[in-house]
Amino acid sequence: MIVYIAKRLAVALPVLLGISMLAFALIHLVPGDPVTAMLGIQYNEEQAIELRAQYGLDKPMVVQYLVWLRHVLTGDLGHSMLHDQSVARAILERLPVTLQLAVGSVLLALVVSVPLGIAAAMRQHRAPDILASTFGLLGISIPNFWLGTMLTLLFALVLGWLPSGGYISPTEDLVGNLRYMLLPTLALSGAVAAVILRMTRSSMLEVIRMDYIDMARAKGASPRRVVWVHALKNALIPVLTIVGIQIGYLLGGSVVIEQIFTLPGIGRLAVQSINARDYPMLQGVILFVAVSFVFINLIVDILYAWLNPRIRL
Amino acid sequence: MREFWYQLRRHKPAMLGLVVLSLMAVAAIGAPWLSPHDPYAMQVEHVLGSPTPQYLMGTDQKGRDIFSRVLHGARISFKVGSIAVTIALFAGTAIGLIAAYYGGIVDFLLSRVVDVLFAFPDILLALAIMAILGPSLTNVMIAIGIVYIPIFARVARGSALSVKHESFVEAAHSMGVSNFTIIRRHILPNISAPLIVQATLSFAFAILAEAALSFLGLGVEPDTPSWGILLSRGKDWMGEAWWIAFFPGIAITLAVLSCNLLGDGLRDLLDPKARKAS
Amino acid sequence: MNEQAPILIVRGLSVDFQTRQGRLRAVDNIDLDLHPGEMLAVVGESGCGKSTLSRAIMGLHEQTPEAQVSGSIRLRGDELAGKTERDWCALRGDRLGMVFQDPMSSLNPVYRIGAQVAEVPCLHGGVDRRDAWRQAVESLGGVGIPSPAERADQYPYEFSGGMRQRVVIAMATIGSPDVLIADEPTTALDVTIQAQIMKLMLDMRQQTNCGILLITHDLAVVAQTCDRVMVMYAGRIAEQGPVKEVFKHPTHPYTRGLLATIPGDDPPDRLPAIPGQPPELKSLGAGCPFAPRCDLAQPHCGERHPPLEGTPDHQVACWEREVRDVQ
């Protein structure tokens, strides 16, 4: 198991390096020179040269990259060009919101979709299956930002049960926090739930035909035990892979959802920094999200190995 | 091919998807002639009008006809979808084929590049590219095209690897056929099925991505009647006029749903083995 | 030959499937007796209904509109037909054991071997996990798995095909069943391993005195190990009787054809084969299903199905039987 984790880490390392290069490149590809932007109308050549030297922007690209990488590795993601705040601090402040949104959506999707997918597979081509398949197709087809907008329309504007946007920290007011988070979580989890549902169904259909399912029945395991013990663990293996991929979707989707519901999360930070041309901030957010994605998938891989003894070697 | 058509005709969901998609494509191409009103014409007397027989989907805050704007939006969505998917399909297939065919260090490096691109969530990567390029219709197509290169590279690489060692490929090798010819004549036709399926599904993703980017104000120019723009404008008037945001969303859902139905059907027919893979 | 009362009595067992092309009867009106300690072979080509029959006796066909099982199955006098799934679950693994064809796929890949074997006493014996595990290790040793305590901790992928089939046999016999059904237990194995597995089956019969229903198409195995044989064709019994008797005096032309396919000690010039294909079950007429392939067939063979007749020991379903007896 430890060997396996080490192997996965070894594969992840070049990817992390590549991510860092791409994130570094971003700041040099965006239009406009940061120093010019910083000085604005007070621009003069001497000050510009001075600032370039101060930020190391006059050195060769490779040196700049290595210096930047060393900073990043020590947790220094640079400084916002707009606010008097370090990028790392800004991200950490907003992380809990995005985390709550993403984790909540995945959990909601899993809790709803796995049992529904199993029920659909057990009654293939009958009412529950048709219902689940319809839900699955609609779920992957309805854009999350539209779903969010329509949920707001129904629950906030027409019924008035829930707020249409805003945020309050759970440590301050847990119930209030849940009221603010419910609609965004629903909107974000719709598509994930649909994908997990479709995967659970097809994977379960595949597994249920296996000989070891007959064997389990021949041993006298009850129908419920056959499904939840013998079939489910096998069926979950591909589902887990899909969940890993969906994390990426969630991190991307949260950008839009946070914008609709005015949640102060990382996604909204990204949009704000693009609009404000705060590129160090954008760079930090993108780097952080991509690196998180790699690590989350590393965890998914480890869970995968735990489920599937064959690849634990 | 005839056999394939016969099977596709009998696959009801796929046919439904194909028919709806074709109708929408016709609407997109014919939008300038089919629109009952000028999508840009503001009519002060019709501001925020609810759906009527004259204005099927109502009018927006500037009195513009939503139905005409949704029709023109289809133009943009289908254009972005087809061009972005074409970019991704060609670039991704090339990368995947080269990686699979040459193997070794080439494969390792290309695969890691693909992994790196995969690590960025689609919308975020597209946003970053849009930050570099600046908002415009062309740039949206390029950005979405780049974002979906890795998935095509993976599909192409995986399928090419599985046919690489088939006897007909090895036979061609032993006869001294050039690498390019082997790829073109022997490998490409055999990996086209999963690529077609992926292209159909990616078309749906591209439509969604364009709408999302435009919704965030980082896609097409703000005066363009893209479905995403229509939706984001409508969102601000939700309390007064739900139809502004409602109908563009229905249009997106319908287009994406049709692609998914068609894509699922094609996967059933062309590539039964891959059904569980993605 | 076996004076004990039959442990399993099957009467009029039929299995019908509803398919898109119509209804078909995969198993048609089968009677069968199995005595304790007896090994009964069910032979026939693939598709003749022998696996469907074995699954019906195990209660593995769910009663749905698509699959209908009718007839009587009595185990030690207890009628199994019409039992609920819950009752079947209590029987399977405890009084009915089953060994499947392909050991590579009949073990669950994600659970340890020991846990899979221990599941049986856990479900039926009312013992705690530790005791069940101990029993599992014991039974793994009993089926000839070396160092069973360590092997119990491993996963199926760490076992060879023959070893896996031993595990399956351990699972099927750990509850000391009255009846063990083995559906082609050696077909998927190497020839050298096949003999070991058959010997193990015989050992298990010795130890538990269970009746074994051996589904097979390998007549050599039948000749070496079984007491009685039942030949099935198109869902029906074509001929049945003691192995020695049937092999010495095969009466049904189909049985003769099957026996002719066994390569003898002297290699024949060519392997004889029965001409033609087994019939499509959904297009069976009223007559003898073997008639189209039979070289003795007479016009009347196609009119009605022949009844199963003969001595109490040896019966056959063929219209031309008496004609040949006279000859």
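1. Chains B and C do not touch: no contact joins chain B and chain C, and their closest C-alpha atoms lie 16 Å apart. This is a predicted model, and the remarks below should be read with that in mind. Two pairs of chains are in contact, and of these chains A and B share the most contacts.

2. The contact between chains A and B draws 42 residues from chain A and 35 residues from chain B. On the side of chain A that touches chain B, at least two residues each come from helix H1 (2-29), helix H6 (127-141), helix H7 (144-158), helix H8 (174-208), helix H10 (223-260), helix H11 (266-275) and helix H12 (279-307) of chain A. The most is given by H10(A), with nine residues. Sorted by class, this side of chain A, the one that touches chain B, has 31 nonpolar, ten polar and one charged residues.

3. The contact between chains A and C takes 19 residues from chain A and 24 residues from chain C. Helix H9 (211-218) and H10 of chain A are the elements giving two or more residues to the side of chain A that touches chain C. H9(A) gives the most to that side, with six residues. The classes on the side of chain A that touches chain C are eight nonpolar, five polar and six charged residues. Chain B has twelve helices and zero strands. From the N terminus on, its elements run α-α-α-α-α-α-α-α-α-α-α-α. Along the principal axes of chain B, the C-alpha trace spans about 75 × 45 × 30 Å.

4. One helix pair in chain B can be described in detail. The axes of helix H10 (residues 179-215) and helix H11 (residues 227-236) of chain B come within 7 Å and cross at roughly 40 degrees. That angle makes H10(B) oblique to H11(B). The crossing of H10(B) past H11(B) is right-handed. From H10(B), the contact is made by Glu210(B), Ala211(B), Ala212(B), Leu213(B), Ser214(B) and Phe215(B). From H11(B), the contributors are Trp227(B), Gly228(B), Ile229(B), Leu231(B) and Ser232(B). By class, the contact of H10(B) with H11(B) has seven nonpolar, three polar and one charged residues.

5. Chain C contains both kinds of element, with eleven helices and twelve strands. The radius of gyration of chain C is 21 Å, close to the 20 Å that the globule rule gives for 327 residues, so chain C is as compact as a globular protein of that length. Taken along the principal axes, the C-alpha atoms of chain C fill a box of roughly 65 × 50 × 45 Å.

6. One open sheet of chain C has eight strands, in the order S6-S7-S8-S3-S9-S10-S12-S11, with mixed pairing. Strand S6 (96-99) and strand S11 (309-310) of chain C are at the edges; each has a single partner strand, so one side of each is left without a neighbour in the sheet.

7. Helix H6 (residues 161-173) of chain C lies across S6 and S7 of chain C and runs at about 170 degrees to S6(C). Helix H10 (residues 253-260) of chain C packs on the sheet too, touching strand S3 (39-43), strand S9 (228-233) and strand S10 (236-242) of chain C. The direction of H10(C) makes about 110 degrees with that of S9(C).

8. A further open sheet in chain C is formed by four strands in the order S2-S1-S4-S5, and its pairing is antiparallel. The edge strands are strand S2 (22-34) and strand S5 (78-79) of chain C, each of which pairs on one side only. Strand S1 (residues 8-19) of chain C pairs with S2(C) in the antiparallel sense over nine bridges. Leu8(C) has Leu34(C) as its bridge partner in S2(C). Helix H1 (residues 50-57) of chain C lies across S1, S2 and strand S4 (67-75) of chain C, and runs at about 70 degrees to S2(C).

Terms used
Residues are numbered from 1 along each chain as its sequence is written. Chains are lettered from A and ligands numbered from 1 in the order in which they are written. This is a predicted model: local features need pLDDT of at least 70, side-chain atom pairs count only at pLDDT 80 or more; totals for chains, interfaces and linings use all residues. Two strands pair if DSSP finds at least two bridges between them. Two residues are in contact if their C-beta atoms, placed from the backbone, lie within 7 Å. Axes are lines fitted to C-alpha atoms, for helices over the stretch in contact, and angles run from 0 to 180 degrees between N-to-C directions. Ala, Val, Leu, Ile, Met, Phe, Trp, Tyr, Cys and Pro count as nonpolar, Asp, Glu, Lys and Arg as charged, and the others, Gly among them, as polar. Angles under 35 degrees count as roughly parallel, over 145 as roughly antiparallel, 65 to 115 as roughly perpendicular and the rest as oblique. A crossing is left-handed if the near helix is turned anticlockwise from the far one by less than a right angle, and right-handed if clockwise. The radius of gyration is taken over C-alpha atoms; the globule rule is 2.2 Å times the number of residues to the power 0.38.
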